[in-house]
Amino acid sequence: MTPHPINITPKQLYYSNKQNNVLPTKQHCLRVKKLINIEGQCAIYMKGKDEKTRDNTDVDMEFRQESVDEPGFQVVFDLKSERVYLITPNVPESDIFWKGPNHNSTELLELYNVDEIIQEEDLPRLFHTLAPTLTLVLDDQHANHLMNMMPTLDIDTQLLTLAINESRLIKFPWEIDIIRQVMHGSSQAHIALMQQFQPGMTEAHLAALFRWSCALHQIYNQAYLPIVASGPRAATLHYSKNNQKVPNESHSLVLVDAGGEKACYGSDITRTFPVRGVFSEEAKTIYNIVLKMQQTVLSKLKPGIFWTDMQRLAIRVLCDELIKIGILVGDQDELIQRGVPSAFYYHDRLCYPVVVLLKHLLQTLGLGHSLGLDVHDVGGKDKKLTNQQEEDDPTITEFLVGRPLEKNMVLTVEPGLYFNDAMLDIWTKFPGYQDYFDLQMLTKYRNVGGVRIEDTVVITKDGYENLTLVPKEVHEIEKLMNAK
């Protein structure tokens with residue numbers, strides 16, 4: 001919601017108006033105002049992050065902020081006049097010798113979509129002039145900061161967060177343009193990994209190569225720590241140690257979940273490729289199951305579709321395919337009702353007896369999530385289960401429950417199939433569940449490790465646009481890895 005800079009990508013990539021090099025972030029302020037829907041003289045206050053150093057040293061930590069990309073700034077938005085005030089920090093003159101001069105007011109107005117620049121010492125005077133009957137802040141920390149300066153202010157810490165979360169769920173066209181750009185660069189980085197991979201490489205080498213490839217496309221930050229999970233580690237959802245040598249067995253795969261970030265807007269892509277450049281028959285079978293899960297869901301995406309239905313659909317495809325190859329045994333409806341597919345696809349909510357032991361250990365990831373200023377962006381997580389049946393459904397997560405897809409939502413579609421030893425040991429040994437698994441067939445495929453395929457898409461007027469440009473068909477990946 002707060003003013004957001006542009007300092008990486010040329011302005012002409014964002015707008016047709018070549019004279020304006022400021023991202024129109026005030027649109028978020030106006031949308032938040034509409035969502036809050038409060039009459040009277042109200043203001044929004046946000047305190048930016050301060051500069052931090054590492055441990056007990058004077059070494060600066062990397063600074064990231066979804067607003068002004070410098071520490072110490074504050075923002076006030078007057079809902080009545082719809083004016084945005086950027087409050088500059090008081091910086092000691094001695095700091096200039098170390099870090100250079102600060103932007104003056106004219107420069108700040110050219111960088112950010114604000115109406116007026118205010119000095120920090122003038123903040124109380126600004127509030128006295130605006131005289132808000134209610135001031136909205138994000139949390140108690142921001143409230144306490146204001147109260148220390150102006151103890152008579154009436155402050156609310158609840159309304160603003162809900163409005164910002166909702167505002168960020170539906171993207172403006174210019175936001176989609178930025179995400180499209182960073183998705184393009186991140187896609188090229190994934191392609192580079194497949195092209196340049198050689199047996200004997202380490203996970204750390206591949207993670208560094210991904211960062212380097214992003215930088216070649218003017219993407220200098222990562223949306224999250226790259227996940228380079230090879231062999232059995234591909235069955236660990238958020239493995240980010242990246243400290244092992246990539247194994248060179250016939251079934252060995254490398255799962256890379258990584259995405260760059262530009263102007264704080266992220267990307268999210270996962271691809272899984274064979275270490276030897278060719279999928280083994282077992283690995284190909286498992287990979288194509290995940291691909292079918294994703295393609296089936298993608299074929300249904302459009303405004304009005306419910307995400308919970310897509311989660312159920314992905315689970316049904318997975319269960320059907322695992323029955324076909326002989327890993328699961330039994331009636332499909334019974335297997336799904338008892339949550340058995342979660343032994344291999346534990347993105348979803350865990351609520352059946354066999355997984356109660358794990359409910360505090362695993363995160364709820366689901367089939368996908370919103371993407372924007374955070375890779376797991378806010379918005380769409382207000383729980384709206386319509387009945388007890390949905391409450392008890394193991395395929396439903398909290399994302400977009402009871403809410404249909406809408407145009408300009410940006411989200412990921414990321415099914416997976418994992419052979420995690422700890423998880424499978426629990427499921428196959430739990431009383432009453434053993435008969436659902438053919439252990440001989442499970443052993444046949446277990447060494448595959450894990451597969452995840454993740455694309456980021458934007459919902460359009462009558463369907464979706466896939467922003468991910470990385471090949472994902474088996475023959476495409478093998479051709480890419482073996483091209484001379």
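Colleague: Which residue of strand 2 stands opposite Met-46?

Modeller: Val-75 stands opposite Met-46. This is a predicted model: local features need pLDDT of at least 70, side-chain atom pairs count only at pLDDT 80 or more, and totals for chains, interfaces and linings use all residues. Residues are numbered from 1 along each chain as its sequence is written, and side-chain values use heavy atoms, with hydrogens and water left out.

Colleague: What makes strand 1 and strand 2 a pair?

Modeller: Two strands pair if DSSP finds at least two bridges between them. Strand 1 (residues 42-47) and strand 2 have five bridges, in the antiparallel sense, so they count as paired. Helices (H or I, at least four residues) and strands (E, at least two) are DSSP runs, numbered from the N terminus.

Colleague: How many bridges link strand 2 and strand 3?

Modeller: Five, again antiparallel. Strand 3 covers residues 83-88.

Colleague: Why is strand 2 called mostly covered?

Modeller: Five of its five residues (74-78) are buried. Buried means under 20% relative accessible area, exposed over 50%, partly exposed in between (1.4 Å probe, protein chains only). Gln-74, Val-76 and Asp-78 point one way from strand 2. Val-75 and Phe-77 point the other way. Both groups are buried.

Colleague: What is the phi of Glu-82, and where is the place of this residue?

Modeller: Glu-82 has a positive phi of about 60 degrees, although it is not a glycine. Its place is in the loop between strand 2 and strand 3. Their hairpin has four residues between the strands. Most residues other than glycine have a negative phi.

Colleague: How many bridges does strand 13 share with strand 16?

Modeller: Four, in the antiparallel sense. Val-413 has Asp-455 of strand 16 as its bridge partner. Three bridges join strand 16 (residues 455-459) to strand 17. Val-457 stands opposite Asn-466 in strand 17.

Colleague: Which way do the residues of strand 13 point?

Modeller: Val-410 and Thr-412 point one way, Leu-411 and Val-413 the other, and all are buried.

Colleague: Why is helix 13 called roughly antiparallel to helix 14?

Modeller: Helix 13 (residues 421-429) and helix 14 (residues 439-446) pack at about 175 degrees, with axes 13 Å apart. Angles under 35 degrees count as roughly parallel, over 145 as roughly antiparallel, 65 to 115 as roughly perpendicular and the rest as oblique. That angle therefore makes the two helices roughly antiparallel. Axes are lines fitted to C-alpha atoms, for helices over the stretch in contact, and angles run from 0 to 180 degrees between N-to-C directions.

Colleague: Which residues make the contact?

Modeller: Helix 13 brings Asp-421, Leu-424, Asp-425 and Thr-428. Helix 14 brings Leu-439, Leu-442 and Arg-446. Contact means heavy atoms within 4.5 Å.

Colleague: What does Phe-344 touch?

Modeller: Its contacts include Leu-424 and Leu-442, as well as Leu-322, Phe-419 and Phe-437, not counting residues up to four places away in sequence.

Colleague: Which residues have the most contacts inside the largest nonpolar core?

Modeller: Leu-301, Trp-307 and Phe-344, in a core of 105 residues. Helix 7 (residues 173-196) gives the most to this core, with 10 residues. A nonpolar core is a set of buried Ala, Val, Leu, Ile, Met, Phe, Trp, Tyr and Cys residues joined through side-chain atoms within 4.5 Å. Another core, of 22 residues, lies apart from the largest one and has Val-75 among its members.
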